[in-house]
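User: I would like to learn how to read cavities and strands in a protein model. Please walk me through one.

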Amino acid sequence: MSVKALLFLFLVAVVVTGCDTQSNEIASEVVLFPQPQELLLKGGTLRFGKDPTLYADPDFEQATRWFRHYLADGPGWKLKTTTEAEANIRIDKDTTLGAEAYRLNISEKGLHITARTNAGAFYALQTLRQLLPATFEMQHTVPRGAVTLPTLEIADAPAFSYRGMHLDVSRHFFPKEFIKEYLSYLALLKMNTFHWHLTDDQGWRIEIKKYPKLTAQGAFREETLVGHYNDVPRTYDDQRYGGFYTQEDIKEIVAYAQSLNIRVIPEIEMPGHAQAAISAYPEVGCTGEPVPVATEWGIFENVFCTKPETMQFLKDVLLEVMSLFPGTYIHIGGDEAPKTHWKSCADCQFRMLKEGIASEDALQSWFIEEIESFVNDHGKQIIGWDEILEGGLAPNATVMSWRGVEGGIAAAEAGHDVIMTPTSHMYFDYYQDSHPEEPLAIGGYLPLQKVLAFSPVPEGLSPEASHHILGAQGNVWTEYMSTSEQVTYMIFPRMIALSEVVWSGSKNDPEKAYSELLHRLPKFQQRLTIKGITHYNPLQRLDITFSLARDTLFAIVETPLSNATVRYEYAEEVQTYSAPVPLTTSGTFRAQMMEGEQAVGHAYSTHVKIHQGIASTLSVSTPPHPAYDEGGINALYNGVLGSSERFGDGEWLGFWGEDIAIAMEWNTPIAISKVETRFFEAKGQWVYAPKQVLVEWTTAEGMKYSKTIEVTASDTDTSLRNLTWNGELPQQKIKKLVLRIPSYGTIPQGAQGAGNPAWTFLDELVIE
Ligand code: TNX
């Protein structure tokens, strides 16, 4: 641990009073999110009174305006401007500081902030905001009395220049008021970029004056899928749904974002995810056939054509978009564009012939480059999803690496700027807890801890390439979030962890950082609660792992805070958890957090299956992919099956595109009556089960046999496929069993992720 970190730990342990003379609010610690780079508590206090006075450098007018409103709206204080000598709060310019850096010095005499830019001054004020009581977030009808602040020195600056949050408003539409709310959350956590996903197959949400039907028609769908995409059969709600932002709305939001030092990056998806636009103007597609605005999720073959008229249409759209968004970046999508229509389209084929383009993938590159040069000519830069790397990257493009970090690495090494948003760590539409009552989500599993452990700069990247990693972003795809409450539930507290990664920096010891974050979290939760923001509470979660020690299986229950009590039920006994529980018979292990006799949070239950595989020595030819290896190979023979809703929990292991061989050996040969395992199948997330598995076995006498077994559909779960082999094994005792599991291969055309390698997810190898 560094000296700085030690000092910090010591300092946060010092309790400082933050009490209100009027209401005698209880003392609290200095807790800041994201954590500042340097914080030194001086041990004294400053009474910070009603109607404080301010002197600020005129360049910080915007930041101080925000603060004036904050004090007027919350505690009901007037912030009066005065002379440098008299002011309680002074904000001075220091040209030696970094662009977004600031210093905050609270002494017995007053507050002194220094910054180089308005952004730095604004972040200093966000820090001050978090030092003030959380109740200041509420409107006070009677102005609040003075508060006491700790004397301290903070020197702070962000680790990354790109600190982003995304929001998909196409799959579900969120009104302008909520977008502003969302922006205010970003500001509180010193995030500086809002990636606004404005168009997709399920709705076009930005008014374009030249093409009014884009919103008049393209912003509304006839109905929406109910439940999960994987449900069989799919059902729909029979409700017309939609909405859009007028250009006036957009201007208002952009101006509001600017007042919070947030740049807004609009995303206009092309050439794929374009069905809503094509429904409004069928002629911009390849076939000219009318199509409806999509009513379910997925990828669709109706993509923008490459004919001259469509290219002109897109440029016209972009012209209006560029005039509305003053920032440098325009996101043009570029992901998941099936080339089916391009292959049979005379216009696209003619374009290929004329321009000497060899394949449809290369045609996509041509398309992106054409759009890029148009955008560049207007003084702006494009960002695209990492698919834009395929077939050659547009010369000045910034890449958003989402399918993993590999695309980001390749782009950074080729000298392009990169923003890291891998599904494994940055997809806030994935589940965040494993209890069965968690609200329906797209799938996957991304607990808070994993977000906090993310390191935007991949290990081993050269220093030059590392400079191209601008930062990271949390993605909020809203297929399964129809209300703003669902959105806030999914982003809080994961966005807090993200802010710690991109502002405070990657964590050297993620486990320790997580435990510290949990201890600090209640202070922030209080602020969320006061603001009426729905959020997930990780302090009530249980983390249950099943682990082998000396051939015995143990259930280990961990609670976020060490003093929590857990009651468990297993083999018909109910007990208070005090140490790992040995599991000797198959059955259900249930656990529940308790406060006295009161159950807290949710009940967790796991079915444990004691089988012969547990006592084997198991090895795997290829390690699981680091993004999905939480349980380690232990997960394959620890008596516990993974969830049928969430691949990526501690029990599922993910392999990306590789064939896998798993060997199990027994010191004392055993008789086997059944071999069973399960594969996850979530095609929308590129997870495919293999079609067949080869089983090889060696008898005690050293004879070798093999057999190919078909993988079959599960009767109970559409997201699972089974491998079951029973009743056929010879009577001999077996000492070694090998399962050769081929990857499904390349994802077929027309499916989500087409052309990419499929993932294989498997949980337990049950040997009976
Ligand atoms: C993939 S991320 C998509 C989105 C989906 C998302 C769901 C990306 C570039 N494309 O269209 O909403 O997965 O997690």
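User: How much space lies in the largest cavity?

Analyst: One general idea comes before the number. Rolling a probe the size of a water molecule over the atoms shows where empty space is left. Keep in mind that this model is predicted. Here the largest cavity holds about 450 Å³ of space.

User: How many cavities of 30 Å³ or more does the count give?

Analyst: The count comes to two cavities of 30 Å³ or more.

User: Which residues lie nearest the centre of the largest cavity?

Analyst: Look for Trp402, Ile442, Gly684, Gln685 and Gln752. They belong to a lining of 32 residues. By class, that lining has 15 nonpolar, nine polar and eight charged residues.

User: Which domains give the lining of the largest cavity at least three residues each?

Analyst: Domain 3 (162-539) and domain 4 (611-767) do.

User: Which residues line the second largest cavity?

Analyst: Val31, Phe33, Gln130, Lys523, Phe524 and Arg527 line the second largest cavity. Helix α18 (residues 510-530) gives the largest share of this lining, with three residues. Sorted by class, the lining of the second largest cavity has three nonpolar, one polar and two charged residues.

User: Now the sheets. What is the strand order in the open sheet of five strands?

Analyst: Read across the sheet, strand by strand. The order is β29-β31-β37-β33-β34, and the pairing is antiparallel.

User: Why is one side of β29 and of β34 left without a neighbour in the sheet?

Analyst: Both β29 (617-620) and β34 (704-710) stand at the edges. Each has a single partner strand, so one side of each has no neighbour in the sheet. On average, neighbouring strands of this five-stranded sheet are turned by 15 degrees against each other, direction ignored.

User: How many bridges join β33 to β37?

Analyst: Six bridges join β33 (residues 692-699) to β37 (residues 734-741). The two strands run antiparallel. To place the pair on the structure, find Thr699, which stands opposite Ile734 in β37.

User: Which strands are the edge strands in the open sheet of three strands?

Analyst: Start with the order, which is β22-β23-β26 with antiparallel pairing. The edge strands are β22 (543-549) and β26 (581-583), and each of them pairs on one side only. From one strand to the next, the twist in this sheet averages 30 degrees.

User: How many bridges join β22 to β23?

Analyst: Seven bridges join β22 to β23 (residues 552-558), and these strands run antiparallel. Ala549 has Thr552 in β23 as its bridge partner.

User: In which sense do β24 and β27 pair?

Analyst: Strands β24 (residues 565-570) and β27 (residues 587-595) pair in the antiparallel sense, over five bridges. Thr565 stands opposite Met594 in β27.

User: How many bridges join β27 to β28?

Analyst: Nine bridges join β27 to β28 (residues 598-608), again with the strands antiparallel. Across this pair, Glu595 stands opposite Gln598 in β28.

User: What phi does Gly596 take in the hairpin of β27 and β28?

Analyst: Gly596 takes a positive phi near 65 degrees. The hairpin has two residues between the strands.

Note on methods:
Residues numbered from 1 in each chain as written. Predicted model: local features only at pLDDT ≥ 70, side-chain atom pairs only at ≥ 80, totals over all residues. Heavy atoms only, no water. 1 Å grid on protein atoms, 1.4 Å probe; cavity = no way out; pocket = protein on both sides within 12 Å on 5 of 7 lines; lining within 4 Å. Points joined across faces, edges and corners; volume = space filled by probe spheres on them. Nonpolar A, V, L, I, M, F, W, Y, C, P; charged D, E, K, R; others polar. Domains from an automatic or database assignment. Helix = DSSP H or I, 4+ residues; strand = E, 2+ residues; numbered from the N terminus. Pairing = 2+ DSSP bridges. Axes fitted to C-alpha atoms, helices over the stretch in contact; angles between N-to-C directions.
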